[in-house]
Amino acid sequence: GFSLDNFRDIFGYWKFNTTLTNTLLLAAAVVPVQLAMALLMATMVSRMGKGRDLVLYIWTIPLGISDLAAGIIWLAIFEQSGFLNSMMVGIGALDRPANLLTYQNAGLVFLAIALAEIWRATAIMLVILVAGIGLIPKEYYEAADVFGASKWKQFWRITLPLLRPSLQTALILRVIMAFEVFAVVAALGGTLFPVLMGETYAYQFDLLNSGAAAAMALVILGISIAATLIILRALRVPKGATI
């Protein structure tokens, strides 16, 4: 059954600190990059005329791909017989294909996982931010043009402040998903890069310890709630705001 002993078990396990650090490190590396990319892409799309829908469609294609499929796609790039090795051998940078995703190349394993996550999930933030920018009245930008404000100043003084509710939603959703990352890590890193959700799965299905799995799930929930409160506090919307 479930009890406080389950928390003692998971906190006392030698792997716990590593899994917690890996999960937080991955979120810290991926989410800011995704936010910057989503903001840039959303701003570009909102200023487009012809071809806007096509560009947005292409950029959101990864939304239709499952986590595991995304991991396997990037595995096909980084594995020994994959695209990266073939290209490196082709240009003479390597004599023969190398096994890149090993414990000896921990940094490369982390990079591969981070790239796969950035490619897979940036579109989630993009869709939310495009919708948010669409709600900002065009009159604000027209007035800024009249007063000679540059596009950069318009972005900082108009777009970002009025986009705060959308930024809140996008960041909260993405950060919670970052703490629950599993399939992409399993495909690319396996046991080389343990994360909290991976250990939760291992407790439930490999060790058949449902109590410890539930405790790990509650740890993930606690971290997600804490992150949500921080984001809500940092990006709180002033009272009376209508956008």
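The chain contains twelve helices and zero strands, where helices (H or I, at least four residues) and strands (E, at least two) are DSSP runs numbered from the N terminus. Its pattern along the sequence is accordingly written α-α-α-α-α-α-α-α-α-α-α-α. This is a predicted model, in which local features need pLDDT of at least 70 and side-chain atom pairs count only at pLDDT 80 or more, while totals for chains, interfaces and linings use all residues. Residues are numbered from 1 along each chain as its sequence is written, and side-chain values use heavy atoms, with hydrogens and water left out.

As to overall dimensions, the C-alpha trace spans about 65 × 55 × 25 Å along its principal axes. Of the 243 residues in the chain, 41% are buried; buried means under 20% relative accessible area, exposed means over 50%, and partly exposed lies in between, with a 1.4 Å probe and protein chains only. Contact here means heavy atoms within 4.5 Å. Among contacts with a separation of 6 or more, 74% are between residues 24 or more positions apart.

Let me turn to the interior. A nonpolar core is a set of buried Ala, Val, Leu, Ile, Met, Phe, Trp, Tyr and Cys residues joined through side-chain atoms within 4.5 Å. The largest such core has 40 residues, and those with the most contacts inside it are Ile-10, Leu-39, Leu-129, Leu-167, Leu-171 and Phe-179. Helices that each supply at least two residues of this core include α1 (4–12), α2 (16–46), α6 (106–134) and α12 (210–234). What does Leu-129 contact, leaving aside its neighbours within four places in sequence? The partners of Leu-129 are Ala-38, Leu-39, Ala-42, Leu-163, Ser-166, Leu-167 and Ala-170. A second, separate core of 18 residues includes Leu-26, Ala-112, Ile-113 and Ala-114.

A nonpolar surface patch is formed by Leu-218, Leu-221, Ile-225, Leu-229 and Leu-232, with about 440 Å² of accessible area together. Patches are made of residues with over 30% relative accessible area and no salt bridge, like charges being joined within 9 Å and nonpolar side chains (Val, Leu, Ile, Met, Phe, Trp, Tyr) within 5 Å.

Finally, the charged pairs. A salt bridge is a side-chain nitrogen of Lys or Arg within 4 Å of a carboxyl oxygen of Asp or Glu, and by this rule there are six. Arg-8 and Asp-5 form one, at 2.2 Å from N to O; both residues lie in helix α1, three residues apart, about one turn of the helix. Arg-8 is exposed at 56%, whereas Asp-5 is partly exposed at 40%.

Asp-67 also forms a salt bridge with Arg-120, with the closest N and O atoms 2.9 Å apart. Asp-67 lies in helix α4 (residues 67–78) and Arg-120 in helix α6, so the pair ties together parts that are 53 residues apart in sequence. Asp-67 is partly exposed at 35%, but Arg-120 is buried at 6%. Both residues belong to a network of salt bridges that links Asp-67, Glu-117, Arg-120 and Arg-174.

Conventions. Areas by Shrake-Rupley, 256 points an atom, 1.4 Å probe, with all protein chains shown as cover.
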